[in-house]
Amino acid sequence: MKRVQYDRYGGPEKMYFGECDMPEVGDNEVRVSVKAAAINPFDWKLRRGAMKLITGRRFPKGMGTDFAGIVEATGSNVGSVSVGDEVFGTVDFKKSGAFGEAVVVEASHTAKKPPQLSFAEAASLPIAAMTAWVAIIDRAQARPGARIFINGCCGAVGAFAVQLALARGAQVAGACGSASRESARTAGVAPVFGYSNAQAYTRQGTYDAVFDTLGTLDVGHGFSMLNPRGVFVDINPTPTRLLRGMLSRRYKLAFATMGIRHLHEIAALAGSGTLRPAIGLEAPFTDALAVIADAETGRRSSGKTVLAF
Ligand SMILES: NC(=O)c1ccc[n+]([C@@H]2O[C@H](COP(=O)([O-])OP(=O)(O)OC[C@H]3O[C@@H](n4cnc5c(N)ncnc54)[C@H](OP(=O)(O)O)[C@@H]3O)[C@@H](O)[C@H]2O)c1
C-alpha cells in the first residue's frame, strides 16, 4: 500500500511516497480504507523530530494522524463499528500513517462519521476539535456568561474553540491576523483584535480564561488579562513557557490526546451543525508532498488542508 513516509527526521525534503505492508489488525483495532486525511501542524512537527524521544528511531515512519474512511476489517474484540461503516478518527502519533491508502487504528480512536459530513469535513475534526474541547470545556470550563479570550481564533483549533465556547453560552473575544478579521466577526468573536495590538486586548481586563492557540502570547501578559480565578490555557508548551506557567496553578496545558474520549460527542456536535469544519483546500493524494510542504511553509488557503483518496 502507498503512503507518505520518511527515513530520517527533518524538513519537507525527507518525505516521499513509499510502499509498506499492511499491518495485521489487532484484537482491538480496525483497518480503514482512507478516503480523506487532514493535515495538522503536528504532522510536520513529528516528522521534524519534535517528539523523537517518544517516537524513536525506527524508520520508515508514515505521516498523518487524522483520517476518515470506510472500515474494511475489524479485530475480534471490536463491537463499536463493523465492516462497511463510514468512520473518522485519529491514529496514535507514535504510529501515525494516515497519509496512506489504508490505516490500522485502535477502534476506540474512531467514531462513526456523521452522515451530514463529507469525508473531508470529518477528517478535519479529530486533533483540532479534541484539543479545542479539552482547552475550552475541560480546562476553561466555558459556561454561560464566562468571558474567554482566544489568541489565534481563526486557526483550526481556534475556530472550534470559538464554536464550543459560544455553544456553552460564553462570550468570546479574540485575536487573529488582518485577513481573518471578518471571518472572526462572522463566527461571533467580539471584540476582534489584531496580533500587533496586544496592549488593547490586555486592557480589556478580567477574562475567566485566556486560550493561546498559537504559543505567541506572552504568558505573563496572558495572566494580566485574567480575573483572580481565571485560567491560562496553553497548547504549545516550550521549556520557557512551562517554567513561567508552572509557577501558577492557573496555568493549564491541553493536549489533543486527552480529548480522545470526547470523539463521539464531537461527532454528535458536528452532525448537529454546532461544530462546523472549514475546508480550505481539498487536494488529491498524488499531490500530498507538495501540499504538505506548502501548508508547512504557510502557503495555503484559509481553512483545513485535506488530502482526498
Ligand atoms: N497541544 C496539542 O495537542 C495541540 C493540538 C493541536 C494543535 N496544536 C498546536 O497549536 C497550534 C495551532 O494549530 P492549528 O491546527 O489551529 O493551526 P492552523 O490551523 O494552522 O492555524 C494556526 C494559525 O495560522 C494562521 N493561518 C490560518 N490560515 C492560514 C493561511 N492560509 N496562511 C497562513 N496562516 C494561516 C491563523 O492565524 P491568522 O488567520 O490569525 O493569521 C491560525 O490562527 C500549532 O502550533 C499546533 O502544533 C497543539
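1. Let's begin with the aromatic residues: Y6, Y9 and F59 are joined into a cluster by ring pairs. Please keep in mind that this is a predicted model.

2. How many aromatic pairs does a search of the whole structure find? The search gives 10. For Y9 and F59, the ring centres lie 5.1 Å apart and the planes meet at 75°, so this pair is edge-to-face. Y9 belongs to the loop between β1 and β2, while F59 belongs to the loop between α2 (52–55) and β4 (61–62), so the pair ties together parts that are 50 residues apart in sequence.

3. Is each partner buried or exposed, or in between? Y9 has 12% relative accessibility and counts as buried, whereas F59, at 26%, counts as partly exposed.

4. Another pair worth a look is F223 with F232, which is stacked, with 5.8 Å from centre to centre and 20° between the planes. Both F223 and F232 are buried.

5. K113 has its charged end over the ring of F119, 5.0 Å from the ring's centre. R147 lies over the face of Y207, at 5.0 Å from the ring centre.

6. Finally, a helix. In α11 (residues 288–296), the buried residues are A288, V291, I292, A293, A295 and E296. These buried residues pack against the strands β1 (2–6), β2 (15–19), β15 (279–284) and β16 (304–308), and against helix α1 (41–47). Just after α11 comes G298, with a positive phi of about 85°.

Notes
Residues are numbered from 1 along each chain as its sequence is written. This is a predicted model: local features need pLDDT of at least 70, side-chain atom pairs count only at pLDDT 80 or more; totals for chains, interfaces and linings use all residues. Side-chain values use heavy atoms; hydrogens and water are left out. Buried means under 20% relative accessible area, exposed over 50%, partly exposed in between (1.4 Å probe, protein chains only). Helices (H or I, at least four residues) and strands (E, at least two) are DSSP runs, numbered from the N terminus. Contact means heavy atoms within 4.5 Å. Rings of Phe, Tyr and Trp (its six-membered ring) pair if their centres lie within 6.5 Å; planes under 30 degrees apart count as stacked, over 60 as edge-to-face and the rest as tilted. A charge sits over a ring if NZ of Lys or CZ of Arg is within 6 Å of the ring centre and within 35 degrees of the ring normal.
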